[in-house]
Structures are given as structure tokens and as C-alpha cells.
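Student: I've never looked at this one before. Could you walk me through it, one question at a time?

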Amino acid sequence: MSFQLKIITPARLVFEGTVDSVRLPGLDGDFGVLDNHAALISGIAVGALQYDVNGQRKSIKLEGGFVEVNDNVVSVLADSAQLPE
Amino acid sequence: MPSQKEYNVKIASLGNTAKVTKTMNMVSTAKYRKAQDAQGSSKLYSDQLNQVIAGLAASGGELSHPLMKTLEVKKVLVITFTSDKGLCAGFNNNLIKFVESFRRENADKYETIDFITCGKRGYNALRKTSTVVANYDDKTSNPEFETAREIGDKVQKLFIDGEYDQVIIANNNFVSALSQIPTLTTLLPVSGAEAEETESTDNATDYIYEPGQAELLSYLLPKTVNFQVFKAFLENAAGEHAARMAAMDAASTNAKDLIQKYTVLRNRARQAAITTELTEIVAGAESLK
């Protein structure tokens, strides 16, 4: 029931790991992704990405970018990303 | 013939120089590794970006965007990448010469050729002969995406406003640690051919596009452009540190050779002094007899 999440900025790989669900700030509004999601390419606005691992919610601030969902791999390409303190 | 003392001073000063160049070599080595790591991580991003573009291109449909518009080229903007500091052999000079010859050769062809310079060296050389629209100092040694985005946004605006018909990147292409070759790459207009090239990786996946393909493209293209600027920054940084590493290594070897040469000369001078003194003593003793 989980899938791969990757968050990449031009400068570095910010996050890579297995998550249960992820919520993204899409250009047309927030949307959630669970496992076995259909292949999708979407723009991402400035906002917070939230993901759940083992019932724990974590959030990462993104500054615009894209997301590609394909074959249970969610790749987020952001201009910059900030991990929580 | 210089005296022993003069040689000693010379050798000591050479020793100090060798110390400095050796330290600089080590610093550059560390910075070079860091720049290489940055290049490695940027590859992750570019691979993914290419995949997305490939997906978009493969999905068919006419791709058109103001940034892809090919115009009759009259006004050209060149973005040059050099380092801020010297002591890196021909790294900057090669690029400046290359850019200058491009400017001279095409002076008749185009109405204007203006520059945006990244790095002090390029700015100081180019401002004498041409118009420098903007200069970015202290950014090239340790590139940040923020700077690349700023430049990218700026040139895109200039291009769309019709201030320039073509934007070219001039940087040292990082071939290996020992070889950097000055190259020109067209940044704008974005060529459709690039999208086709990446199509080779095409996967027949049927993507959902959110928002529509056209909107997505107009959102994606500026980002590709900014990323290309960033990539040029990274290549320049890796090249700069590699070039300095090599230059400082050569300088350290030269200093060591010179120290050896002067040590031999000093010993010879010392021996000559001893011989002279002995001869004088012997001559003095002879005359007393």
C-alpha cells in the first residue's frame, strides 16, 4: 500500500523514500496521490507537500515545479524545497 | 655572481610561494569535488525533466510557445561564464578570446551583440569592447539555482519583449578535469529539435496532463531554460576549480624545481667562497715566509 516518493531540486536530491500517501499543491488546487495512481504529469504551485509514513504526517515546502506520477513512483521536481526543521 | 645570502633569500621566498600554491591546489581540489557532486545531483533533475518533456513531446500535438519562436536574428545576447578569480591558467582567457572572435566575426551579420557576464573576469574584459547588460559577480564559484533562475527569467523577458532575437550561452564545456573547451549553445529560442532528441527515451505511457498540455508546456519551458543556465553555471564552476587545480599543481612543481636549481647554485657559491678564502690564507702564509 505504499509507493516511492522522490523530491529533486536542481541542486540536490531532497527526499527519497517510501510513503503511504502524498498531498501536492497542484496548479489548479491541492490533490492527493495514493498508490497505483494513473500516470500523471502536473505542474506544482508554491506550497506545502505533505506525505504520510506509518501514520505520521510530514510536510515539505516547495517553490513551484512539476510532478510526474508513473508506475508507483512519484517524482517531484521543484525549484527549491525546504525540509521541516 | 650573487652571494650566498642572496641565494638564501631567493630560496626562502620560493619556499613560501610553493607553500601558497600547494595550499591553493588543495583548496581547489576540495571545491572541485563539491562542484562535481553538484553536477551529479543536477543530472538526476535533468534526467527527470527530460523524461517529462519527452512524455509531452511524444503525446503528440503541436508544441508552440513564445519562447520557441524563431525570428530573423538581428539582436543577439550572449551570456558568458567565467570565474571571479584568476590563477587558473587559460580557463578565462580562452573563453574571452573565443567570445571576442565570435563578436568580431559576426559584427556585420547582426545589428547588436550584447552581453550578460557571470564572473568578474569576463566582465572586466568585455565591458571595454561591448555593451554589458548585466553582470553577476561572486556567483560562479559556488553556483546556486536562485541566481540561475534570476538570469533565466531576465533573458526570457528580454526575449519575449523582443529586445533580443537570440540568446546564446558561452561557457567552458567541461570535458574532463584537464580539458575545458569554450562552446556556444543557443538558449533561446528553444528549439523543437531538443524535445525530439529526448524522445528516444519515450515510453508509451499515457499521461494525464494537469492542467492541459499547452499550459503545462508554457509552465515547463521557462523552467528548462532556467535549468540550462544553472547547468552552465555548474559546468563553469567545475571547470574553474579543475583548471585552478591543474595550474596550482604545475606552479608547485615549478617552484620545487627552482628551489632545487637555486640550492645547487647556492652550494656552488659557498664552495667558491671557501676556495677563495683558502687561497687567500695560503697566499698570505706564503708571503710571510
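Student: Where is the place of Asn72(A)?
Tutor: This is a predicted model, where local features need pLDDT of at least 70, side-chain atom pairs count only at pLDDT 80 or more, and totals for chains, interfaces and linings use all residues. Residues are numbered from 1 along each chain as its sequence is written, while chains are lettered from A and ligands numbered from 1 in the order in which they are written. Helices (H or I, at least four residues) and strands (E, at least two) are DSSP runs numbered from the N terminus. On that scheme, the place of Asn72(A) is in chain A, in the loop between E6 and E7.

Student: What is phi of Asn72(A) near?
Tutor: Most residues other than glycine have a negative phi. For Asn72(A), phi is near 60°.

Student: Is Asp71(A) buried or exposed?
Tutor: A residue is buried if 20 or more other C-beta atoms, placed from the backbone, lie within 10 Å of its own, exposed if 12 or fewer, and partly exposed in between. Asn72(A) has 13 such neighbours inside 10 Å, so Asn72(A) counts as partly exposed. Asp71(A) has 11 other C-beta atoms within 10 Å, so Asp71(A) is exposed.

Student: How many strands does chain A have?
Tutor: Read along the sequence, chain A goes β-β-β-β-β-β-β-β. There are zero helices in chain A, and the strand count is eight.

Student: What is the radius of gyration of chain A?
Tutor: This radius is taken over C-alpha atoms, and the globule rule is 2.2 Å times the number of residues to the power 0.38. For 85 residues the rule gives 12 Å, and chain A is close to that, so chain A is as compact as a globular protein of that length; its radius of gyration is 11 Å.

Student: How many residues lie between E1(A) and E2(A) in their hairpin?
Tutor: Strands pair if DSSP finds at least two bridges between them. Strand E1 (residues 3-8) and strand E2 (residues 13-19) of chain A pair in the antiparallel sense over six bridges, with Ile8(A) opposite Leu13(A). Between E1(A) and E2(A) in the hairpin there are four residues.

Student: Which domain does UniProt list for residues 3-81 of chain A?
Tutor: UniProt positions are given in the numbering used here, feature names are shortened, and annotations may be inferred rather than shown by experiment. The span is 0% helix and 76% strand, with its end C-alpha atoms 20 Å apart. The unreviewed UniProt entry lists "domain: ATP synthase F1 complex delta/epsilon subunit N-terminal".

Student: What is the radius of gyration of chain B?
Tutor: Chain B has six helices and six strands, and its C-alpha atoms fill a box of roughly 115 × 45 × 25 Å along the principal axes. A compact globule of 289 residues would come out near 19 Å, but chain B has 28 Å.

Student: How many residues of chain B are in contact with chain A?
Tutor: Two residues are in contact if their C-beta atoms, placed from the backbone, lie within 7 Å. Chain A brings 22 residues to these contacts, and the number from chain B is 24.

Student: Which strand gives the most to the side of chain A that touches chain B?
Tutor: Strands E5 (40-53), E6 (56-70) and E7 (73-78) of chain A each supply at least two residues of that side. Three bridges also join E5(A) to strand E6 (residues 208-210) of chain B, running parallel, and Leu40(A) stands opposite Ile208(B). With four residues, the strand that gives the most is E5(A).

Student: Which peptide bond is cis?
Tutor: Most peptide bonds are trans. Pro189(B) lies in the loop between strand E5 (179-188) and helix H5 (192-197) of chain B. With omega near 0°, the cis bond runs from Leu188(B) to Pro189(B).
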